[in-house]
Amino acid sequence: MVSGKKLRLFHFLFEMLEDPGMAHCLYWVPASVGVFRFSSTYKEHVAALWGQRKGNRRPMTYQKMSRALRNYTRSGEIIKVRKKLTYQFSGATLTTLRSQQRMKNA
């Protein structure tokens, strides 16, 4: 995360996708083109973790989180793939996320 900026949902999802311990909740479907899928069993868990990270008082649900994902599709940062629970980072978003990760790991 870039300091001074609010954590955005797609940054959080990218962090989770890069964490092997979270592969049962959210996983790449192929990572090379930025496509990822939520586990139908653990999608609510991902939403709850996002709500906690944001500091929400009330629990986040997948329904609420997917509304935010739909907003990202309008801005072009995330693309909805025609499969259930599947999304894709836009090329520009994926490039930015990967370069931020390289800087963080350097």
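Is Arg53 buried, exposed or partly exposed? Partly exposed, with a relative accessible area of 43%. Keep in mind that this is a predicted model.

Let's stay with Arg53. Its salt-bridge partner is Glu15, and the closest N and O atoms are 2.8 Å apart. This pair links distant parts of the chain. Glu15 sits in helix H1, Arg53 in helix H2, residues 43-54, and 38 residues separate them. Glu15 is also partly exposed, at 26% relative accessibility.

How many salt bridges are there in total? The count comes to 2. The other one joins Arg8 to Glu77, with the closest N and O atoms 3.0 Å apart. Again, distant parts of the chain are linked, here 69 residues apart. Arg8 belongs to the segment before helix H1, while Glu77 lies in the loop between H3 and E3. Now the accessibility. Arg8 has 32%, so Arg8 counts as partly exposed. Glu77 has 17%, so Glu77 counts as buried; the cut-off for buried is under 20%.

On to the sheet. It is open, has 4 strands, and runs in the order E1-E2-E4-E3 with antiparallel pairing. E1 (26-28) and E3 (78-80) are at the edges. Each has a single partner strand, so one side of each has no neighbour in the sheet. On average, neighbouring strands are turned by 30 degrees against each other, direction ignored.

Look at the pair E2 and E4. Residues 35-38 pair with residues 86-89 over 3 bridges, in the antiparallel sense. Phe36 stands opposite Tyr87 in E4.

Last, helix H3, residues 62-75. Helix H3 lies across E2, E3 and E4, at about 110 degrees to E3.

Note on methods: Residues numbered from 1 in each chain as written. Predicted model: local features only at pLDDT ≥ 70, side-chain atom pairs only at ≥ 80, totals over all residues. Heavy atoms only, no water. Pairing = 2+ DSSP bridges. Helix = DSSP H or I, 4+ residues; strand = E, 2+ residues; numbered from the N terminus. Axes fitted to C-alpha atoms, helices over the stretch in contact; angles between N-to-C directions. Contact = heavy atoms within 4.5 Å. Salt bridge = Lys/Arg side-chain N within 4 Å of Asp/Glu carboxyl O. Buried < 20%, exposed > 50% of the residue type's maximum accessible area, 1.4 Å probe, protein only.
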